[in-house]
Structures are given as structure tokens and as C-alpha cells.
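The sequence and coordinates are shown first.

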Amino acid sequence: MLVAAVVLGAATAALAQEPVSVTIRASAGSVAVGEMLRVDVTIASSLGDPEHVGGLPVQGFSVVGSVQSQSMEFSFGMGRSVHRVRVVTTYTLRADSPGVGTIGPAMAVVGGERYSSGVVQVQIRLPHQPPAGGFPMTVPGPAPAPAPAPAPACRRPDGGLMPASGSDGPVTCREPQPSLFLEASVSDTRVYLGEPLRFHLRVHVERDLVGFSAGGIFSQVIQREPVLEGFLRVNLEPARIDTGLDLVGGRRYLHAVVRDKILYPTRAGRLEIGPAIGSLTLRRVFDVEEVRRESAAIAVEVLSLPEEGRPPGFSPNNVARDLRVDARFAADAAVAGQPIEMEVILSGEGNLAAFRVDPPRFAGATAVKSGDSVVEPTAGSMTSRRTIRFAVTPTAEGRLGLPAFETPYFDYGAAGYRIARSGRLDIAVAPGAAPRSVEADEPSPERAAGTVSIRPWNDLGTVGRPWHATPAFWIALLAPAAALGLLYAGAGAARIVRGRRGVVRPRDLFRRGDATLRRIAKGKADGDPAAQFAAVEAALMDYLEARLAAPLRGYTSHDMHRRLVDAGLDASIIDRLAVLIEGCEFGRFAPSENQGRAAGDSARSAIELLRALDAARIEPSGRGS
Amino acid sequence: MRFRISDFGFRIWLPAMMLFVFVVLGWKDSKSEIRNPKSEIGSVFAAANDELAAGRHDGAIAGYEALLVLGMESPNLLYNAAVAYRRAGMLGRAILALERLLVLDPRDAEARRFLDDVRAQVGRSRPRGAGTGGLFPRRGLLHAASGRLREAEVAAAAVVLSFLTFGLLFARRFARREALRLGLAIAAPVSAVLLAVACVLLWSKAALEADAAEAVIIAPVAAAAREGPSTESPESFRPAEGDIVRVVGRAGGWSAVLDESGRRGWVAPGDVGEIFGPLVIPSGQMYGAPP
């Protein structure tokens with residue numbers, strides 16, 4: 001009952017939507033002059049495709065580009081179906097002048113009616129001016145699509161409810177259902193750009209449904225991976241699946257983490273970790289049922305890096321926590337003109353693989369990058385390690401040094417910019433050959449970028465023989481052809497043997513007669529029309545005599561009729577036969593201008609009659625009543 | 001009264017049969033657990049993965065190669081081996097592992113992207129003017145058409161279409177209704193054409209790929225291609241790591257190769273790895289093996 005009410009409510013809600021809505025949504029409420037702003041104009045229509053989509057009026061911005069996409073939704077309820085078209089035009093705007101920029105209204109024409117959106121206002125500030133806290137977007141008219149409230153299945157890890165908006169901190173989304181359900185969780189729902197967050201997808205399967213291969217079930221249950229658009233990811237799936245047992249709603253479930261990832265948001269705004277789909281096939285003795293479940297989508301608010309304190313030329317890739325830098329030369333002494341390797345080791349939490357690390361600037365030496373390798377975080381440790389090697393070529397003898405190797409970064413733990421420094425670098429340079437020019441120093445290839453994750457699942461096995469190399473395959477491939485060939489060959493041989501013994505079967509005569517009649521019907525038969533009429537008559541009589549196992553030719557029409565009635569043949573067929581034979585005899589002996597066409601007509605009638613005779617039950621002579 | 005299968009005690013003997021099969025299989029499994037080193041092989045794979053995750057590429061490569069020498073070859077093993085090779089800077093071997101992976105699973109998009117990435121890395125690392133044409137195999141249209149299909153899929157399709165085609169012809173022989181005969185007369189040639197296409201694709205998989213004899217130069221430093229199969233023969237050219245070549249002859253472990261520009265030479269054992277056919281890792285070329 002409750003389920004029916006929920007379904008009815010959902011259907012009513014779907015049908016109660018506005019038939020056409022035009023909404024504008026900006027990715028930020030405040031931008032600096034020269035910055036880009038993303039604006040989505042969404043036209044949702046259940047009255048068909050928009051006939052016209054107007055441009056986007058903007059003040060204070062200029063349109064850099066736009067992309068349009070279209071999708072369709074179908075829903076059913078209340079005895080009718082709803083077909084909804086959604087056209088999303090994504091504009092990229094550049095802020096031109098400080099003040100309050102206005103975007104909209106967007107306009108669309110659907111079904112001859114004109115629909116328009118509200119207007120969005122965005123604060124445009126001067127460069128390097130910090131954004132005003134929480135500048136509201138003024139949206140008169142129809143409101144833009146609000147950020148969806150967290151799914152009711154999502155809660156704090158301690159079971160506390162999530163706030164309707166502006167949530168922060170870890171969240172776990174689960175909606176217990178029978179047989180199977182998925183649980184998605186993230187370590188934080190509000191992060192800075194580039195700040196890592198941990199995503200877990202846990203599968204719960206009822207204990208009674210798991211047989212002897214729990215690992216196999218858990219490794220294959222996910223049918224669609226969660227959509228992680230806007231995130232870089234590092235996969236941390238364990239090499240082995242560890243299962244646990246818990247009691248949910250009075251049912252015992254085995255659960256295991258099947259996806260474990262570190263996600264790095266790549267753009268500010270609201271990102272969504274899309275739902276994953278899992279399915280389980282329940283095999284019973286006489287039927288098979290497939291259970292499909294979907295995990296909840298989780299919204300993550302990604303904050304831009306603050307302007308305050310940002311070093312000039314700062315790369316937004318340099319986001320980490322507790323970053324440590326260690327730098328050293330690979331040797332104790334150098335020779336002028338000869339490259340020496342310098343190693344810089346970064347360690348800390350964050351996407352160190354994406355860090356921009358500039359070569360050190362030495363007075364009296366050139367430095368180019370010669371190697372780079374990354375040790376990714378593991379399930380047990382979120383700390384990454386990156387080793388960068390530079391080839392440093394001193395140009396003159398003396399001492400070569402640097403107070404420290406420095407890397408600016410944004411520390412998301414402290415919410416501020418920091419500079420990671422190594423210890424002092426110093427090395428003696430002996431006189432050597434003439435220094436090489438900077439142009440001659442080709443950078444070595446970047447070895448081992450190492451951003452690809454490993455596959456922990458064990459699918460080991462030996463490669464079997466290919467199908468085409470097995471006799472069974474060729475037997476299976478050729479067996480049908482051979483069987484058909486044998487069938488034809490056997491039938492042909494049997495016909496020859498019967499011919500030699502003088503045995504004629506009705507089936508053989510049927511085929512022969514059918515072929516003769518077809519030739520005549522198509523006008524391809526040899527001989528004059530009289531001969532064709534004779535062939536039509538002969539085809540029918542030969543077959544009938546074979547079926548009756550007694551001669552029919554030479555009898556009067558009356559006697560033939562009586563014999564056929566005695567053989568149990570239907571009266572209507574006998575009448576048709578008599579008419580056709582009379583027609584043939586008439587045609588043979590009464591020439592006319594269109595005799596050729598008449599023979600063809602007779603042949604067509606004879607084909608139908610021959611089939612009717614073939615389908616009819618005829619008692620051979622002497623056994624009829 | 002309708003016939004019911006349960007009337008014959010189906011519900012009794014079916015579970016009994018299942019129980020019997022379980023007992024037999026369970027007994028066989030328990031025996032194979034003792035004699036079969038499958039669990040040990042799995043633990044080698046897991047240990048190699050752990051090594052790789054911890055950044056110890058050498059240990060990971062040693063583990064993966066030990067499995068490959070045992071004849072184990074699977075998509076995940078080759079993928080992880082490629083990751084380890086790449087991180088260790090052995091890009092030619094990474095390309096070879098990924099090419100072999102794509103033979104096993106041609107629709108592994110992730111591996112395909114990874115292969116492109118590794119090739120791009122090899123291309124970037126080459127000096128200006130060295131050329132990158134040799135990195136990309138030149139394959140024909142037929143090869144490309146069957147490239148995304150597994151051999152087993154094409155072979156299964158051919159068998160099914162063979163049964164369908166000749167089954168339709170068989171049915172037509174006994175069909176009496178004219179409409180049915182006409183339908184069968186149309187369906188049988190269509191099915192025969194599909195069967196012919198499947199056979200051509202199978203021939204492409206079975207013969208063309210093998211005849212192409214593609215191989216990857218895996219020597220980390222440019223291997224020397226010589227005029228004869230010995231180290232005393234003069235050097236004819238130097239194929240670069242990661243280049244695709246054709247193996248056109250073999251002698252005493254040496255391979256005669258043709259590069260993309262048509263140059264021919266003999267390369268030493270272990271400098272080249274074949275994409276199709278059995279994977280051979282000479283013991284002296286295994287990672288960490290004594291020189």
C-alpha cells in the first residue's frame with residue numbers, strides 16, 4: 001500500500017511539472033574582471049522540441065563560446081506517458097567591466113508560445129580584489145534550478161541528519177533494500193579545488209544469497225561505474241575483497257568495499273559523484289531474477305582557492321597538505337660544463353603528480369628536468385611522494401648554491417598559502433671543459449609519470465588454444481553443410497536406385513509434376529500449347545495414379561469420378577480435377593489465338609490442385625470403402 | 001489434465017543430482033587445493049601488486065614476469081605489468097604488454113588509452129628528427145575491421161551462422177507453404193552473406209594477424225639490427241625502443257625484422273617481443289635475472 005502511494009505520488013509530481021521551463025544557472029556569484037564564468041541555460045519542455053532558442057543577453061560580460069546539448073526523458077503515470085525534452089546551452093562568458101553584471105533573460109519558443117527565464121546578476125570585481133562574502137545572486141522571475149537537497153538516504157557517519165544545504169564534512173548514503181543495496185560515502189562534501197576526498201562504494205548482499213564465492217559476487221556486482229565527471233581519481237581498490245557481516249533491518253548482510261578512490265576536484269562549483277548501478281542475478285531452481293540497485297548521488301561543493309595571499313604566478317594545481325620538500329645533489333662535486341643530477345623529493349597529501357615544479361634558478365648554472373616519478377597514495381596512507389630530477393650544468397668553476405629550493409602551495413588543512421622549503425644546496429664546481437650551450441641540453445623524457453592505477457583483480461589463467469585451431473570448431477562449422485549435402489546426396493541416390501528398380505514414389509512424381517507445371521506457368525516450357533496442355537494433364541494424372549496405386553487413364557469420366565470417391569477424395573477436389581482435365585483436353589484439340597496463355601492459366605490452377613491433392617487423404621486402390 | 005514435470009518426482013531427483021555434483025566437485029576442489037598451486041599464483045600476483053602500489057617497481061616486475069614465464073597471461077596481469085614497466089622506464093616492454101593485452105581483450109578502452117599515452121611518452125622522449133612513424137603499426141582495413149573483435153566471438157558467430165544458413169536451406173526443402181518457402185529463400189542468402197563475412201573476419205584474425213608477425217622493440221637502449229644472426233655481423237640499423245617491426249625469420253633465438261621503412265636486420269634474443277603467438281621471455285632477459 002505504501003509502495004503504491006509512493007509510486008502514485010511520484011507520478012503525480014512528474015505530471016505536475018511545468019510543461020515548459022527556462023532557467024539560467026551561473027557557476028559562481030562573483031568573478032574578477034577577465035575571469036571566465038560558466039552559465040547553463042536549461043529549457044525543459046514536455047510540449048515537444050523548442051522551435052526557437054534565443055541568444056543570451058548579457059551586460060558586463062562578453063560571450064566567448066557556447067555548446068548545446070539535448071536529452072529526452074520519458075515517464076509514465078496516471079495512465080499517460082510524458083515525453084520531456086531538455087535542451088541545455090552552456091555559455092562561457094568573460095567578465096569585462098567591474099560592477100554588477102546581468103545575464104538573461106533567456107528566451108525560447110515552444111508550441112508557438114514564448115517562454116523566458118529570470119535574470120541572474122553576478123558581481124564583477126576588480127582583479128586581486130577578494131570576493132564579497134556570500135554575494136547573493138538576484139533572480140527575479142522564475143527561480144533557477146536550486147541545488148538538490150541531499151538524498152534522504154544520506155546521513156552523517158554518526159547517523160545525524162544532513163542539513164538541507166551547505167553541508168560539510170563526511171557523508172554516507174545508504175538505503176537498505178532486500179537482497180542487495182549499495183552504500184556510497186565521501187570523506188568531505190565541501191573541499192577546495194584540488195583537495196583530495198576519499199570515495200567508498202560498499203556493496204551489501206544478503207548473507208543467504210551468497211554461496212561459496214563471495215569474492216566473485218562482490219567483484220562482479222557493479223554494472224555501471226559511478227560518474228566522476230570533474231574529478232581526477234586514484235584507484236585504491238584492495239587486492240583482496242574483505243567482507244564483513246552486519247544486521248540491517250533484521251536481515252543479515254555481507255558487505256564489502258568494491259570501489260575505493262581518491263578524488264581531486266578539477267573545477268570549482270557544485271560537482272556530483274554520480275550513482276553507481278549494481279545488479280545481482282538470483283538463480284532459483286526454476287527461475288532467474290535480476291536485482292538492480294542504484295547508489296545515491298552525492299553533491300560536493302568545490303571552493304575556489306582564495307585570492308588573498310595568493311603568490312604571483314601561482315599554479316592552482318599546487319594544492320596539498322603538510323608538504324615537505326627535500327633537495328640534494330647526487331654527487332659531492334661538479335665539473336664546469338658537465339651536468340650533475342639534482343633530486344627534489346616532494347611528500348605530503350594531495351595530487352603531487354599534478355604539481356607544477358619549476359626548475360631551480362641557479363646563478364652560474366642551467367637546470368632542466370630530466371626525470372619524474374610518482375608514488376601514489378595507498379589505501380593505508382594518503383601520503384604521496386614525487387621525485388623530480390634536474391640536470392644542472394654549471395657554467396663556471398667555483399661554488400654553486402641555493403639557499404633553499406622553494407615550492408609555493410595552498411595548504412587546504414590551514415586554508416592558506418604556504419611555501420615549502422628544502423635545506424640549503426651547495427656544491428663545489430671544479431674547472432672543466434667549455435660549458436655547453438643551453439640549447440644543446442635536450443630535456444630527457446619524463447619517465448614514469450605514473451598516474452595510471454593498477455588492477456587488483458585476479459583474473460590469472462593460461463591462454464587457451466584459439467577456436468580456429470580446435471577440431472571441435474571445424475566440426476561444428478562444417479557439420480550443417482555436410483548434413484545438408486548428405487541429405488541431398490542420399491535423396492538423389494535413393495531416387496536413382498528407385499528408378500533402376502522401377503519404383504516410383506508419389507513424392508517424386510509430385511516434385512517432377514510441380515517443376516513441369518511451374519515451367520509451363522512461367523511460359524518457359526518447350527513445345528506447342530497442345531503439348532503443354534498434355535503435360536499439365538499428365539502431371540496430375542501421374543500423381544493421382546501413383547497415390548491410388550492404380551491406373552486412371554482410359555476410364556470414362558463417370559468411372560474415374562466413382563473410383564476417386566471410393567478412394568475417399570473430397571468431392572470439391574474431384575470436381576476441380578474434372579473441370580481442369582476437361583479444359584486441358586479441350587485446349588489440346590481446339591486451337592485458339594491465346595492458347596499459350598490458357599495453358600499457363602491451366603498450369604497455375606493445376607499447381608494449386610496438385611497441392612490440394614498432396615494435402616488430401618487418399619486411400620490406395622483396394623483399401624478404400 | 002496437463003502434464004507436469006513435477007509429477008515425475010523432478011523435485012526430488014533434481015536436488016539429489018545437484019547434491020551429487022556438489023559432492024563430486026567439492027571433493028575434486030579440495031584435492032586440487034592441495035596439489036594445484038593456483039592459490040600460490042594468486043598470492044604472487046597480489047604480492048606483485050603490493051610491490052607496485054608501494055613504489056617498488058623492480059619487485060613488481062619480477063613478480064609479474066615470474067607469472068608470465070609460467071604461462072599465465074591475463075588482461076589484468078598484463079595491464080599491471082605495463083604499469084610497472086612504465087614506472088621503471090621500460091617503455092618498450094610496457095607497449096608490448098599492452099599490445100598483448102589488446103589481443104586478449106580488444107575492447108579494453110582503458111588499456112588502449114594507456115597504450116596511446118605510453119606511445120606519446122616514447123615519442124616525446126625521442127630527439128628531434130628521429131621520427132615516430134615506427135611506433136604506430138600500419139595495419140590494413142581488414143585487420144582494423146576485426147581489430148575490436150575477439151577471435152572466440154567471431155568463431156562463435158560463424159558457427160551460429162553456419163547452423164542458421166544450412167538450417168534454413170534444410171527447412172526450405174521440406175516447407176510446402178509458398179509464403180514460407182519464399183521467406184526462407186530470402187533469409188538463407190542473407191544468412192549466407194553474414195556467414196561469409198564472419199569467415200573472412202575469422203580468416204583475418206587467424207591468418208592475417210599471425211602472418212603480420214608484429215613485434216615490439218623492447219631493448220631499453222636502441223637495439224642493433226645486424227646483417228646476420230650473430231654479434232660479429234656488421235650493424236645495419238638501429239630500431240628504437242617501442243618501434244613496431246615485422247619478424248620475417250628466426251635463427252638461433254635471433255629474429256630477422258623489417259622496420260616500417262623496409263630496412264631489414266637481425267636483432268638479438270630479448271631485444272624484440274612478438275605481439276601474437278606465445279610470449280617468450282628469455283631467462284637472461286628476465287628482470288633481476290643474473291647477467
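## Helix packing and the chain interface

In this predicted model, helix H4 (residues 75–87) and helix H5 (residues 91–104) of chain B have axes that come within 8 Å and cross at roughly 165°. Because angles over 145 degrees count as roughly antiparallel, H4(B) and H5(B) are roughly antiparallel to each other. Their crossing is left-handed. On H4(B), the residues in this contact include Pro75(B), Leu78(B) and Tyr79(B), while H5(B) contributes, among others, Leu91(B), Arg93(B) and Ala94(B). By class, the contact of H4(B) with H5(B) has 12 nonpolar, no polar and 3 charged residues.

H7(A) passes H8(A) in a left-handed crossing. Among the residues making the contact are Ile573(A) and Arg576(A) of H7(A), and Gln595(A) and Ala598(A) of H8(A).

| Contact | Nonpolar | Polar | Charged |
|---|---|---|---|
| H7(A) with H8(A) | 10 residues | 5 residues | 1 residue |

Between the chains, 34 residues of chain A are in contact with 45 residues of chain B. On the chain A side, strand E28 (365–375) and helix H3 (471–501) are the elements that give two or more residues. The largest share, 8 residues, comes from H3(A).

Notes. Residues are numbered from 1 along each chain as its sequence is written. Chains are lettered from A and ligands numbered from 1 in the order in which they are written. This is a predicted model: local features need pLDDT of at least 70, side-chain atom pairs count only at pLDDT 80 or more; totals for chains, interfaces and linings use all residues. Two residues are in contact if their C-beta atoms, placed from the backbone, lie within 7 Å. Helices (H or I, at least four residues) and strands (E, at least two) are DSSP runs, numbered from the N terminus. A crossing is left-handed if the near helix is turned anticlockwise from the far one by less than a right angle, and right-handed if clockwise. Ala, Val, Leu, Ile, Met, Phe, Trp, Tyr, Cys and Pro count as nonpolar, Asp, Glu, Lys and Arg as charged, and the others, Gly among them, as polar. Axes are lines fitted to C-alpha atoms, for helices over the stretch in contact, and angles run from 0 to 180 degrees between N-to-C directions. Angles under 35 degrees count as roughly parallel, over 145 as roughly antiparallel, 65 to 115 as roughly perpendicular and the rest as oblique.
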